[in-house]
Amino acid sequence: MFKNKSCDGLNNICGKNVAALRKAMVPKMSQRMLAEQMQLRGIDVDKNAIQRIECGKRFVTDIELVGLTEIFNVSFNELLKTE
């Protein structure tokens, strides 16, 4: 049977990294501000979607990953790294 979840049971790998990168920004970026930055790039997400991504309840599309790498100025590897 196929599994669409990470080994820790979450629906994405990048959520924890998104939260850490967002909080590490100076000044700290809110979930709403991140959603606005995604929308400026033509990616339709709202604050609730960001919250669900960060806690692992929502899948992340490849288009959203591209937007996140641009906003945080990181590589895909950095965004998808696991510990």
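Predicted model: local features only at pLDDT ≥ 70, side-chain atom pairs only at ≥ 80, totals over all residues.
Let's start with a definition: a residue counts as buried under 20% relative accessible area, as exposed over 50%, and as partly exposed in between, using a 1.4 Å probe and protein chains only.

Residues are numbered from 1 along each chain as its sequence is written, and side-chain values use heavy atoms, with hydrogens and water left out.

**The core**

A nonpolar core here is a set of buried Ala, Val, Leu, Ile, Met, Phe, Trp, Tyr and Cys residues joined through side-chain atoms within 4.5 Å. The largest one has 19 residues, and Val18, Leu34, Met38, Leu68, Phe72 and Leu79 have the most contacts inside it. At least two of its residues come from each of α1 (15-24), α2 (31-40), α3 (47-54) and α4 (62-72), with α4 giving the most, 4 residues. Helices are DSSP runs (H or I, at least four residues), numbered from the N terminus.

Take Leu34 as a way in. Leaving out residues up to four places away in sequence, Leu34 touches Val18, Arg22, Met29, Ile50, Leu68, Ile71 and Phe72; contact means heavy atoms within 4.5 Å.

Over on α1, the buried residues are Gly15, Asn17, Val18, Ala19, Leu21 and Arg22. Their cover includes α2, α3, α4 and α5 (76-80).

**Salt bridges**

A search of the whole structure turns up 3 salt bridges, each being a side-chain nitrogen of Lys or Arg within 4 Å of a carboxyl oxygen of Asp or Glu. Here they are:

| Pair | N to O distance |
|---|---|
| Arg22 and Glu54 | 2.6 Å |
| Glu70 and Arg41 | 3.3 Å |
| Arg58 and Glu64 | 2.8 Å |

Look at the Arg22 and Glu54 salt bridge. Arg22 sits in helix α1 and Glu54 in helix α3, so the pair ties together parts that are 32 residues apart in sequence. Arg22 is buried at 7% relative accessible area, and Glu54 is buried as well, at 12%.

Arg41 is partly exposed, with a relative accessible area of 35%. As for Arg58 and Glu64, both are buried.

Gln31 lies in helix α2 and is buried at 16% relative accessible area. Its side chain makes a polar contact of 2.8 Å with that of Glu54. Such a contact is a pair of N or O atoms within 3.5 Å; within protein, one must be able to donate a hydrogen and the other to accept it, and residues adjacent in sequence count only if both atoms are side-chain atoms.

**A glycine in α4**

Which residues does Gly67 touch, beyond those up to four places away in sequence? They are Met38, Arg41 and Ile43. Gly67 is found in helix α4 and is buried, with a relative accessible area of 1%. Its C-alpha atom is separated by 9.4 Å from that of Gln39, 28 residues apart along the chain.
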